Amino acid sequence: MRDYDPQSIEKKWQQRWRDSRAFEVAEDPGRPKFYCLVMFAYPSGHAHVGHVRNYMIGDVVARTRRMQGYNVLHPFGWDAFGMPAENAAIKHGIHPERWTLDNIAHMKGQLQRLGISYAWEREFATCERDYYKWNQWIFLRMFERGLAYRQRSAVNWCPSCETVLANEQVVDGACWRCDTQVGTRELNQWFFRITRYADALLEGAERLEQWPEQVLTMQRNWIGRSHGARVRFAVIPGREADAAEEPVEVFTTRIDTIYGATAVLLAPEHPLAERLAASSADPAAFRAQLDRFRALDRTARTTGQIEKEGFDTGRQALNPFTGKPVPIWIANFVLAEYGTGAIMAVPAHDQRDFEFARRYGLPVTVVVQPDGAPPLRGETLEAASAEHGVLVDSGPFSGLSSAAAMRAMTQAAEERGTGRGEVQFRLKDWGVSRQRYWGTPIPIVYCETCGTQPVPDEDLPVELPRVEQFSGRGDSPLAEVPEFVATACPGCGGPAKRETDTMDTFVDSSWYFYRYCDPRNDAQPFDPATVAYWGPIDFYSGGIEHAILHLIYSRFFCRVLNDLGMVEHEEPFKRLLTQGMVLRNGAVMSKSRGNVVDPDDMLATYGADALRLYEMFVAPPEREIEWTDAGLEGSYRFLGRVWRLVSAFCTAAPDCPALDAVDLQSADRALRRRTHDTIRRVSSDIDVRVHLNTAVSALMELVNELYAFCARERIGVEQPAADESGRPPRPAALAVVREAVEALVLMLSPFAPHLAEELWEVLGHAGGVVAAGWPECDEEAARAEEIVVPVQVNGRLRARLTVAADAPPDMLEALALKDPHVGAHTAGKRIAKVIVVPGKLVNVVARSREDR
RNA sequence: GCCGGAGUGGCGAAACUGGCAGACGCGCUGGACUCAAAAUCCAGUGAGGUUCACCCCUCGUGUCGGUUCGAUUCCGACCUCCGGCACCA
């Protein structure tokens, strides 16, 4: 018997798969398709065992579906644009392209040595001109539709990365990549109008039934839909000379509290603030105050880390409901970018307004009394009461509930022309301009005569010029390349300048999954017919860190492409799995912590199959796992156990009879039951729940059972094939073992594909496990003849009955009551009732005689 | 503060629809094999009590309470941890 030698087996099968193009696919309308995708990789250098866990999960799903007869698309590629490449260039003088391509080559080798079944012929990297050309093409379609626009605005600026960040890329006020505190800059920036799809993205989320609740919640929070009303407060003229002002519009979600609005507060950036300054008694002092507020740290301002301050403008506005004047103040905590940039202050019912009012002595007027609480009084209030309740001192609306008042008052405002119902979103448009080199050039030209001009499709791609020197400072590196900047205007042919910013790399990853469907198309991003066949993605797996970034951008792109008629579906990912990270010594693996485990080191000792099996077995895919060498060792031992089992069986039974040619004994039927029960469990664990850990443990149980069975039947696992008397094993026993072993090998193949292919061949099959197909559960064989039914007395286990599987309830009851253990616990008691769940359990309810 | 998720042996975990808590693996203990070891195979392994032993009993799924014949599972309150949102009007 050969020993299990993963190195030689793995090399052999990887070679065979490559030679036979085993995982390459084409559209085939005659077969059901399955698109299995893992988030593509940023080629940072080396993959560690944490990165590859995700690829293993996807591979188990892909290999299983393939065996089940699906036409499986399982592609891989590289998210190859990005800052680390450019930083390497700055630090080590390696060109970003060289660095990126070297890393890709290394990581691809790692994945291939793990035996992940990718359709490598579809591989691409986003930094290739054949890919980013289509980023530009999509950008232009969005430009045509007003979905890409340019605007000067205050943006998040990372001083370390020297570039703009989208709101999604600012985490706790710091850069998502380098953790530096983010500042503000005023820049001309390109934006994608994702807000146009805010409602669609929110509603679409309701139908994503196979997404983790956590991710959906995060997306809902991020979109931040608020239903409220926009209300107009007329501005009362100050001096005679003042021009008539437009009314101030405020957004509120609590129009029911408007009778308690005792001030209007403007953001320092509000346009009216500027005009009020001009007409004020001391414009210079007014502006100095505004400037002081505007200069406040942006993050502090948007996260409530500043003292609430403000000043009275000296002007007043009319509350459209009370008809009374209220002062207009400037307040530093009012955000220009949310709602209308102005609010009505209701100190009694909003904590922020309350703090502001107490500080400056503004009146606090209670207009909503919460149910069942003692009446509130403005003078004695210690904190705002934000609860809904019943309206008081609110004119004709007094006595209404908050909810009813919101409807009635919104309607009243509409009728009087002083307001209307409105929905606001927290979601902002996606700023995509980046002042960096290693990204997709934005295909726009600026002409003195014609203005902003899109680059015509036929001139795409706007190629990224070769830049050799990177300082890492200053504006866009492309601005330093005169031959790139200087161009002819596509409109008039006159001299013009190219846009020198590049696109956010999240643009690349927002549609790459469609490119896999048609990766070499040079006429369009992809042929819609290919996506109609493969899409949407049936199974998508990746890290939770992309819950809002990549996954919301991709959903947005999907809808844009749907509007363009290129994609039929509205949601790109049917099922999402967020896999847990691999920790070591309680921390995420990272080079800086020095706790990374390189898969290649594990391959040398244990092989890819053991590594794969270990990472799938240790916990469900969603959960994070702690790396242990002992666990890997255990998986390796299990594979050795399988190897010896199958090898010994083949030696013991070179020819073994067919199942239907033998008479089965009860023990044989029991093994068959275990075999088919295992098929049922493993199939549903992989297909339905993706609980790969319990699938593996079911296989382990089957192996344990087989060892015991073979020992009893003298099918030489450790002993010779015949016992001392020279009597060979029973043919029926051999036949059921063969069935079990074959099912085992096939079901193990998604987890340990090399070992399984080798054993399948050893078992005498040519053509591989995919041709063999996934084993079918024979319900008849899986059905138990005898079952063990637990018997409880008052819910506590007291006995077990071994009965026929179809024993009727009254028989179970009679047997239970006859049992001596049951009798011991019911002695001296009255049996109130007996609950019988056929096939499951019996529960005898016994009461003391006194109890009624 | 709001929203979501989690809490089970020495450890990773399982229990899928309210029905035998701890499957499977790691670790540990003992045995077989061996000159010996490694490897392998077999057995045991939640805590406590009782017993020569087999049996048997009590407790036990973060805490307290509830619903139920029966709760890791459902409900209420609370504690702890993880994640998201948060001066968003």
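Predicted model: local features only at pLDDT ≥ 70, side-chain atom pairs only at ≥ 80, totals over all residues.
Guide: Start with a term: a polar contact is a pair of N or O atoms within 3.5 Å; within protein, one atom must be able to donate a hydrogen and the other to accept it, and residues adjacent in sequence count only if both atoms are side-chain atoms.

Residues are numbered from 1 along each chain as its sequence is written, and chains are lettered from A and ligands numbered from 1 in the order in which they are written.

A residue is near the strand if one of its heavy atoms lies within 4 Å of it. RNA strand B is surrounded by 59 residues, and the closest are Thr 302, Arg 352, Arg 426, Arg 796 and Asn 843. Of the RNA atoms that come within 4 Å of the protein, 68% belong to sugar and phosphate.

Arg 637 places a polar side-chain atom 2.8 Å from a phosphate oxygen of RNA strand B. For Asn 693, a polar side-chain atom is 2.9 Å from a phosphate oxygen of the RNA. Asn 843 turns up again, this time at a base: an N or O atom in its side chain is 2.4 Å from a base oxygen of RNA strand B.

Which element gives the most to this surface? It is helix 21, residues 692-712, with 7 residues. Helices here are DSSP runs of H or I with at least four residues, strands are runs of E with at least two, and both are numbered from the N terminus. By type, the surface near the RNA divides into 23 nonpolar, 19 polar and 17 charged residues. Ala, Val, Leu, Ile, Met, Phe, Trp, Tyr, Cys and Pro count as nonpolar; Asp, Glu, Lys and Arg are charged; the others, Gly among them, are polar.

Step back to the whole protein. Chain A has 27 helices and 32 strands. Its C-alpha atoms fill a box of roughly 120 × 90 × 50 Å along the principal axes. Of its 852 residues, 55% are buried. Buried means under 20% relative accessible area, exposed means over 50%, and partly exposed is in between, using a 1.4 Å probe and protein chains only. A contact means heavy atoms within 4.5 Å. Of the contacts in chain A with a separation of 6 or more, 72% join residues 24 or more positions apart.

Next, the inside. A cavity is a set of points, on a 1 Å grid over the protein atoms alone, where a 1.4 Å probe fits but cannot get out; lining residues have an atom within 4 Å of a point. The search of the whole structure finds 1 cavity of 30 Å³ or more. The largest cavity has a volume of about 170 Å³. It is lined by 18 residues, and the closest to its centre are Gly 82, Met 83, Arg 434, Asp 504 and Thr 505. Strand 4 gives the most to the lining, with 3 residues. The lining divides into 7 nonpolar, 6 polar and 5 charged residues.

Helix 3 (83-92) is among the elements that give two or more residues to that lining. In helix 3, Met 83, Ala 85, Glu 86, Ala 88 and Ala 89 are buried. These buried residues pack against helix 4 (96-113) and strand 4. After helix 3 comes Gly 93, with a positive phi near 70°.

Last, some loops. Ser 510 sits between helix 14 and helix 15 (512-515). Ser 510 is buried, at 0% relative accessible area. Leaving out residues up to four places away in sequence, Ser 510 touches Trp 430, Tyr 553, Ser 554 and Phe 557. Asp 393 makes a contrast: it is exposed, at 62%. Asp 393 is not a glycine, yet its phi is positive, about 50°. Leu 460 and Pro 461 are joined by a cis peptide bond, with omega about -5°. Another cis bond runs from Gly 535 to Pro 536, with omega near -10°.

Terms used
Heavy atoms only, no water. 1 Å grid on protein atoms, 1.4 Å probe; cavity = no way out; pocket = protein on both sides within 12 Å on 5 of 7 lines; lining within 4 Å. Points joined across faces, edges and corners; volume = space filled by probe spheres on them.
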